[in-house]
Amino acid sequence: MGILQDNVLVLNRSWQPVSVTTVRHAVVQVYLESARFVDAESFDTFAFDEWIMPKDPEGGAGDLEAAGKNGRFIHGCAWRMPVPEVIVLSRHNGNSGFPIRFTRRNLLLRDHYTCQYCGSQPPPSELTLDHVVPRSRGGVSSWDNLVVACRRCNLRKEDLTPEEARLKLLRSPRQPRWEELQLSRMGDHLPASWRIFLARRFRR
Ligand SMILES: [Zn+2]
């Protein structure tokens with residue numbers, strides 16, 4: 001457990017976020033030269049040998065002090081290295097995004113645990129999934145037709161369309177992008193260094 005299990009954002013060669021891995025796996029990938037560490041402020045990238053630094057402070061590696069500004073280090077006997085938060089793949093481009101599984105949990109994440117009709121945020125156990133076009137009218141269970149709803153709104157809607165129930169969707173449902181779910185999943189725990197990469201993708 002601990003630092004080696006922390007999350008590292010993985011960018012493809014085009015600097016688009018493609019996945020999240022552990023610190024342990026990120027370090028191995030960089031060691032094997034299939035990725036480089038990223039300083040999220042300067043956008044400088046570092047090979048394994050450039051990232052690791054001698055414990056002796058006289059040893060230099062001034063640039064890396066910046067990279068380790070989250071203040072956290074992995075310590076070896078005679079070396080230390082900043083805990084990486086972002087890596088960029090150097091060999092293959094990676095798919096842009098995982099296939100996103102169609103699950104209740106991912107629907108909750110997409111809709112931020114918020115009733116899509118009234119905006120309330122009851123405890124997750126009290127949230128239901130509502131078919132926008134009711135199943136009795138041929139509505140299917142899909143990203144485009146399922147939304148999170150509180151019990152009250154779900155009850156009010158019954159087998160009606162939103163218009164008939166006089167309910168308005170906060171936004172029309174669609175398949176979420178991988179990084180949207182990631183943002184939602186991590187909430188306040190999202191490292192500051194990730195934001196720019198995730199946000200950049202959003203603007204497209
Ligand atoms: Zn509601």
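Two residues are taken to be in contact if their C-beta atoms, placed from the backbone, lie within 7 Å. By this criterion, and leaving aside residues up to four places away in sequence, Val8 touches Val20, Thr21, Thr22, Val23, Ala26, Pro84, Glu85, Val86 and Ile87. The structure is a predicted model, in which local features need pLDDT of at least 70 and side-chain atom pairs count only at pLDDT 80 or more, while totals for chains, interfaces and linings use all residues. Residues are numbered from 1 along each chain as its sequence is written.

A residue counts as buried if 20 or more other C-beta atoms lie within 10 Å of its own, as exposed if 12 or fewer do, and as partly exposed in between, with the C-beta atoms placed from the backbone. Buried residues account for 28% of the 204 residues in the protein chain. Of the contacts in the protein chain between residues at least 6 apart in sequence, 61% join residues at least 24 apart.

A nonpolar core is defined as a set of buried Ala, Val, Leu, Ile, Met, Phe, Trp, Tyr and Cys residues joined through C-beta atoms within 7 Å. The largest such core has 23 residues, and those with the most contacts inside it are Val8, Leu9, Leu11, Ala26, Val38, Val86 and Ile87. At least two residues of this core come from each of strand S1 (7-11), helix H1 (23-31), strand S3 (35-38), strand S8 (86-89) and helix H8 (192-202). A second, separate core has 12 residues, including Leu127, Val132, Leu146 and Val148.

Strands are said to pair if DSSP finds at least two bridges between them. An open sheet is formed by 5 strands in the order S2-S1-S8-S3-S4, with mixed pairing. S2 and strand S4 (45-46) stand at the edges with a single partner strand each, so one side of each has no neighbour in the sheet. H1 packs on this sheet, touching S1, S2, S3 and S8, and its direction makes about 110° with that of S2. For this angle, axes are lines fitted to C-alpha atoms, for helices over the stretch in contact, and angles run from 0 to 180 degrees between N-to-C directions.

Within the sheet, S1 is mostly covered, as 4 of its 5 residues are buried. S1 and S2 run antiparallel and are joined by 5 bridges; Val8 stands opposite Thr21 in S2. The hairpin of S1 and S2 has 5 residues between the strands, and in this hairpin Trp15 takes a positive phi near 65°. S1 and S8, in turn, run parallel and are joined by 3 bridges, with Val86 in S8 as the bridge partner of Leu9.

In H1, the buried residues are Val23, Ala26, Val27, Gln29 and Val30. Seen down the axis of H1, these residues fall within an arc of 160°, so they line one face of the helix. The arc is that of the directions from the helix axis to the C-beta atoms. The buried residues of H1 pack against S1, strand S2 (17-22), S3, helix H2 (48-51) and S8. Just after H1, Glu33 takes a positive phi of about 65°. In helix H7 (residues 178-186), Glu179, Leu181, Gln182 and Leu183 are the buried residues, and just after H7, Gly187 takes a positive phi of about 50°.

Another open sheet, of 3 strands, has the order S5-S7-S6 with antiparallel pairing. Strand S5 (53-54) and S6 stand at its edges, each with a single partner strand, so one side of each is left without a neighbour in the sheet. S5 is joined to S7 by 2 bridges, and Pro54 stands opposite Trp79 in S7. Between S6 and strand S7 (residues 79-82) there are 3 bridges, and a hairpin joins S6 to S7 through 3 residues. His75 is found in strand S6 (residues 73-75) and stands opposite Arg80 in S7. His75 is exposed, with 10 other C-beta atoms within 10 Å. His75 and Lys55 are 20 residues apart in sequence and 8.4 Å apart in space, C-alpha to C-alpha.
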